[in-house]
Amino acid sequence: MRSSEKKQVEESKKAASNGAVVSDINGVPSVPDSAREDISNATSESEDEDWHNSSSDNDGDSSSISDNTDESSDEDDEDTKAINEAMLDYMGALEERRQREALGSEEEEPRSARTEVESDSSEDEVPSRNTIGNVPLHWYKDEQHIGYDLAGKKIKKKEKQDQIDSFLAHTDGSKSWRRKIYDEYNDEEVELTKEEVDMIRRIRAGRIPHAEVNAYEPYVDWFDWDGKGHPLSNAPEPKRRFIPSKWEAKKVVKLVRAIRNGWIKLDKPKEKPKFYLLWGDDLKATEKTANGLTYIPPPKPKLPGHEESYNPPVEYIPTQEEINSYALMYEEDRPKFIPQGFQSLRQVPAYSEFIKERFERCLDLYLCPRSRKKRIDIDPESLIPKLPKPKDLQPFPNICYLEYHGHTGPVVSIAVDPSGMWLASGSMDQTVRLWEVQTARCCRVWSLDGPVRHIAWNPRKDLGILAISLQSKVLLLDLELGTSDPDEVSKLLALNPSVMDNDGDGALVTWMKHENLKALEVKHSQEVLSITWHHKGDYFTSVAPDANTRAVLVHQLSKQQTQNPFRKLQGRVVTAMFHPSRPFLFVATKMHVRVYNLVKQQLSKKLMTGLHEITSMAIHSKGDNLIVGSKEGKICWFDMDLSTQPYKTIKNHHEDIQAVAFHTAYPLFASCADDSTVHVFHGMVYNDLLQNPLIVPLKILHGHSKTGGRGILDCCFHSNQPWLFSAGADSVIKLFCD
């Protein structure tokens with residue numbers, strides 16, 4: 001028996017010396033059977049314990065075995081050393097296998113990986129794979145996906161393991177299934193780390209989750225007590241605290257002496273009046289109650305009069321016919337009490353409406369809200385603003401001086417020469433007439449091929465050019481006046497050859513020479529309704545509301561070029577005007593007026609009119625004030641340095657306003673409407689920015705007759721004199737002078 005054990009020890013020595021370690025099926029190195037029997041107790045420990053601790057325990061067991069062998073005999077020392085070496089090799093191989101399994105699980109499930117130094121901040125945590133947010137998961141119950149990842153792709157559901165697969169996973173050699181939890185939100189299994197498992201165990205045991213935190217650290221006293229006395233004194237109370245103070249006694253003597261001499265006066269309680277006014281108003285109505293609210297007395301009921309007498313005069317007793325008429329009246333107008341006459345007070349019956357009236361009175365006292373209204377005596381004349389008298393604001397047009405007859409249709413537009421000698425008018429009778437202002441004589445007539453919509457005179461005195469809009473054309477007509485330079489006019493109205501080459505299908509307009517008249521023709525795609533000149537006389541605008549993005553075009557006469565300053569327009573354009581001195585363009589739509597900076601090519605201001613539909617617009621000669629007329633019969637005055645809201649809104653007409661106009665030299669402006677009236681106003685604009693404009697209505701001018709539902713269609717001031725021209729639908733032009 002002893003010889004067989006020696007043989008086994010010698011074989012184990014040879015295997016250990018040669019390094020021939022036999023591997024089992026799983027690839028784990030094995031030792032001889034004799035060594036396995038000796039270390040069977042060491043390998044039977046639980047796998048859930050830490051492997052470093054188990055190795056240390058096994059070392060202890062091996063040492064105990066070696067001690068036993070030493071006690072038995074000295075001949076077994078060599079055998080014991082061989083067994084210990086084989087046991088250490090086996091434990092090391094087993095630990096390497098454990099490490100390989102842990103690395104394999106980390107590669108398969110990268111979400112379970114953690115950094116070596118974890119942060120307490122939630123920002124360092126691995127973000128969720130699913131990005132659906134706080135959406136109930138049962139919404140995806142019947143779908144094939146559980147949510148969406150950061151790239152927006154669907155996260156497909158994993159196939160659920162049946163009971164056989166889960167049982168096989170639990171029965172294999174690995175113990176990692178005990179540390180796996182199912183993440184329902186991301187549809188995956190997450191393996192907890194040893195630190196997380198330890199944290200869960202500590203929480204369940206009622207301890208602090210983090211093992212490195214010491215909840216019973218020694219107290220650190222931050223106050224320096226060296227050389228400091230105790231804050232509270234345990235000394236006995238001194239005797240002086242129980243003796244009356246002589247200084248307080250002296251102070252009391254002084255106060256008593258001051259009260260006796262009248263130096264200090266105490267408030268006496270108010271005495272209640274012995275008598276009070278029985279039938280007067282409640283004197284306590286103005287006093288405040290305890291909660292700070294003012295007491296408001298209820299209205300007193302009406303005192304009884306002669307009607308409530310049991311034997312009133314005969315004139316108070318209604319007849320039977322009057323009583324029958326009460327039944328036909330409304331209940332609120334019907335008298336509540338009908339007087340009756342009795343010979344004596346004994347014959348007076350009980351009042352049938354007594355309980356009802358008392359009940360209604362109680363409801364009024366309980367439910368009726370009360371509010372105190374202070375009556376202020378104000379003179380009505382003080383509410384009217386003090387304006388200067390119209391006589392002090394002369395001159396202004398107030399009487400019809402001349403009438404210009406000759407048109408056979410409504411006169412829709414008039415324009416005055418810059419020198420003030422000539423007047424041009426356009427009518428629906430397809431003619432344009434030139435009048436001498438002071439004599440009302442028609443000097444010339446031009447017959448056109450369509451009704452005239454609008455005319456505008458060039459502001460330069462040396463250029464006698466009139467712009468006429470009819471249908472989809474704009475005519476630049478040479479009036480051949482003696483005051484104009486014929487050479488320069490003919491040069492401007494001559495067709496430029498370069499313009500003919502540039503004309504094509506993509507051109508905004510077409511410049512051409514008129515066949516019959518000495519004029520230049522600018523053909524548009526839609527009907528042109530308005531024309532305005534720049535103050536230098538080279539540029540002019542045309543407005544065609546139906547042309548969409550080409551509704552407002554800017555033309556240059558000297559180069560015969562056309563530009564479209566807008567890619568897109570907000571709303572239907574009514575009219576457009578240049579600023580008198582600065583590079584601004586005013587564009588009026590139905591409800592707003594937009595101011596564009598032509599140099600910066602951007603929107604400068606947007607004026608909010610508050611009107612339903614704008615019909616006309618005029619700019620003051622200084623350029624800081626603007627008036628707008630509407631179909632509601634209202635005029636809005638804008639002070640653009642003050643606000644984008646109207647400074648004044650005047651409701652002066654009963655029907656649609658057709659035109660508004662400013663005088664270039666006098667502080668006057670006017671408006672005309674379909675009610676056949678012209679309203680003249682005084683509008684003074686001051687150089688002081690702190691002083692608001694002064695607006696005073698001066699005169700309402702009549703004289704035109706209404707034709708076809710339309711009254712006065714246009715008005716304009718004389719360029720030099722305080723005169724006003726008006727053109728009506730009755731084909732008459734009137735001149736009003738001061």
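Predicted model: local features only at pLDDT ≥ 70, side-chain atom pairs only at ≥ 80, totals over all residues.
Me: What makes up the protein in terms of helices and strands, and how much of it is buried?
Reply: The protein has 13 helices and 35 strands. Buried residues make up 33% of its 738 residues. The protein exposes about 50,500 Å², and carbon and sulfur atoms supply 52% of that area.

Me: Why is His-592 called buried?
Reply: A residue is buried when its relative accessible area is under 20%. His-592 has 18%, so His-592 counts as buried. His-592 is found in strand 23, which covers residues 592-597.

Me: Which residues is His-592 in contact with, leaving aside its neighbours within four places in sequence?
Reply: They are Val-587, Lys-606, Leu-607, Met-608, Thr-609 and Ile-614. Contact here takes heavy atoms within 4.5 Å. As for Glu-613, its C-alpha is 9.0 Å from that of His-592, and the two residues are 21 apart in sequence.

Me: How do you know that strand 23 is mostly covered?
Reply: Of its 6 residues, 6 are buried. His-592, Arg-594 and Tyr-596 point one way, while Val-593, Val-595 and Asn-597 point the other way. In a regular strand the side chains alternate between the two faces of the sheet.

Me: What makes strand 22 and strand 23 a pair?
Reply: Pairing needs at least two bridges between two strands. Strand 22 (residues 584-589) and strand 23 have 5 bridges and run in the antiparallel sense, so they pair. One of these bridges joins Leu-585 to Tyr-596 in strand 23. A hairpin through 2 residues joins strand 22 to strand 23.

Me: How many bridges join strand 23 to strand 24, and what lies between them?
Reply: Strand 23 and strand 24 (residues 602-608) run antiparallel and are joined by 6 bridges. Val-595 has Lys-605 of strand 24 as its bridge partner. The hairpin between the two strands has 4 residues, and Gln-601 in the turn has a positive phi of about 55 degrees.

Me: What makes strand 7 and strand 33 edge strands?
Reply: The open sheet has 4 strands in the order 7-35-34-33, with antiparallel pairing. Strand 7 (399-404) and strand 33 each have a single partner strand, so one side of each is left without a neighbour in the sheet. Neighbouring strands of this sheet are turned by 25 degrees against each other on average, direction ignored.

Me: How do you know that Glu-403 and Lys-734 form a salt bridge?
Reply: The cut-off is 4 Å between the side-chain nitrogen and the carboxyl oxygen. For Glu-403 and Lys-734 the N to O distance is 2.3 Å, so the pair meets the rule.

Me: What makes Arg-444 and Glu-480 a salt bridge between distant parts of the chain?
Reply: Their side chains meet at 3.1 Å, N to O, and the limit is 4 Å. Arg-444 is in strand 11 (residues 441-447), whereas Glu-480 is in the loop between strand 14 (473-478) and helix 12 (486-493), 36 residues apart. Arg-444 is partly exposed, with a relative accessible area of 34%, and Glu-480 is partly exposed at 44%.

Methods: Residues numbered from 1 in each chain as written. Heavy atoms only, no water. Buried < 20%, exposed > 50% of the residue type's maximum accessible area, 1.4 Å probe, protein only. Axes fitted to C-alpha atoms, helices over the stretch in contact; angles between N-to-C directions. Areas by Shrake-Rupley, 256 points an atom, 1.4 Å probe, with all protein chains shown as cover.
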